[in-house]
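Dear colleague,

Here is the structure you are taking over. My notes follow below it.

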Amino acid sequence: MRTIEELALANELMKWAYVKKLTLHPDSEDLSAILEQHPKLVVTMNHGPALGALAAAIALMHAYLRNGGEERVPFALTWRGYYQAPVLKQFFTMLTQVDRALSFNDVLRLMRASRYTDCLIMPEGENCSFGDGLNVQPFLSPRFIELSLRSRAPLLLCLHQGAESWARSVRIPPWLLGVGRLLPRNMEQRLRDSRMLSIPRFPRKLSNLNVMFRLYHPRLLERDLSDDASIRTRQLWQEAWQIHAVMQSHIEKMAQATAPSLHGNDYELHSGG
């Protein structure tokens with residue numbers, strides 16, 4: 001269980017290898033104030049392409065280090081299959097700071113009664129394998145909102161843009177969609193809906209990685225959650241699509257921005273413009 005400060009060296013090396021410039025968008029909220037006011041956060045990140053998780057982690061760690069978050073202790077949720085192969089399990093245990101796939105109740109317990117302060121989630125999950133690497137893909141589950149409500153930790157939207165080059169988007173002709181039957185059902189449906197695969201490329205150094213932080217308090221309240229699971233799921237999905245729209249809007253805004261970072265070569269976060 002390591003703090004952000006203890007992870008700093010590894011993050012600096014990744015930043016040196018993969019990111020030339022980091023730009024904090026001018027619409028980003030004051031992260032230092034957010035971290036000071038909220039001892040627990042559910043950090044909700046867009047995925048981008050499959051390797052976009054690396055870009056998101058670099059931007060998040062860098063920002064935490066420079067905004068008073070050195071002593072915070074994060075953990076991340078990822079695909080449960082990574083913990084089933086011995087070598088991958090060791091690698092992803094190091095990355096996520098948990099040694100197994102966690103149930104919702106496991107995550108809630110860690111947020112309520114442990115040293116962990118920040119739960120890092122990418123709600124798109126494996127849907128990052130589809131689309132153009134920029135647009136936010138449909139969420140796999142809305143339960144990250146329930147986690148926020150039950151742990152009384154607001155959502156910190158950590159949005160990044162610029163890693164689209166780490167994937168190649170390939171349109172699938174209708175006559176090839178039948179191969180989707182070889183995939184899990186949810187992925188088959190996503191392939192049919194998007195008709196576009198996102199194929200990872202070797203991650204070359206990004207010329208500019210944009211990042212934005214926004215605090216989000218769900219409109220839904222914990223006391224409003226139904227005891228009926230099906231009704232509760234509908235409530236959470238309604239809120240989830242609101243969050244999806246907010247994330248998409250801000251990412252489009254970052255993609256349209258042209259202002260470079262003020263001091264890109266020293267890898268400092270500065271407000272663009």
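A search of the whole structure, which is a predicted model, turns up one cavity of 30 Å³ or more. The volume of the largest cavity is about 40 Å³. Its lining consists of Asn 46, Gly 48, Pro 49, Gly 133, Leu 134, His 160, Gln 161, Gly 162, Ala 163, Glu 164 and Ile 251. By residue class, that lining has four nonpolar, six polar and one charged.

On confidence, the protein chain has a mean pLDDT of 89, with 91% of its residues at 70 or more. The pLDDT is below 50 over residues 259–273, and this stretch has 38 contacts in the model beyond near neighbours in sequence. Where pLDDT is low, the predicted coordinates should not be read in detail.

Two backbone angles are also on my list. Most residues other than glycine have a negative phi. Gln 97, which is not a glycine, has a positive phi of about 70°. Gln 97 lies in the loop between helix H4 (86–96) and helix H5 (104–112). With a relative accessible area of 10%, Gln 97 counts as buried, because the cut-off for buried is under 20%.

Arg 152 is not a glycine either, and its phi is positive at about 55°. The loop that holds Arg 152 runs between helix H6 (143–151) and strand E5 (155–161). Is Arg 152 buried or exposed? Arg 152 has a relative accessible area of 65%, so it is exposed, the cut-off being over 50%.

Regards

Technical notes:
Residues are numbered from 1 along each chain as its sequence is written. This is a predicted model: local features need pLDDT of at least 70, side-chain atom pairs count only at pLDDT 80 or more; totals for chains, interfaces and linings use all residues. Side-chain values use heavy atoms; hydrogens and water are left out. pLDDT is the predictor's confidence in each residue, from 0 to 100. Contact means heavy atoms within 4.5 Å. On a 1 Å grid over the protein atoms alone, a cavity is a set of points where a 1.4 Å probe fits but cannot get out, and a pocket is an open set with protein on both sides within 12 Å along at least five of seven lines; lining residues have an atom within 4 Å of a point. Grid points are joined across faces, edges and corners, and a volume is the space filled by probe spheres set on the points. Ala, Val, Leu, Ile, Met, Phe, Trp, Tyr, Cys and Pro count as nonpolar, Asp, Glu, Lys and Arg as charged, and the others, Gly among them, as polar. Helices (H or I, at least four residues) and strands (E, at least two) are DSSP runs, numbered from the N terminus. Buried means under 20% relative accessible area, exposed over 50%, partly exposed in between (1.4 Å probe, protein chains only).
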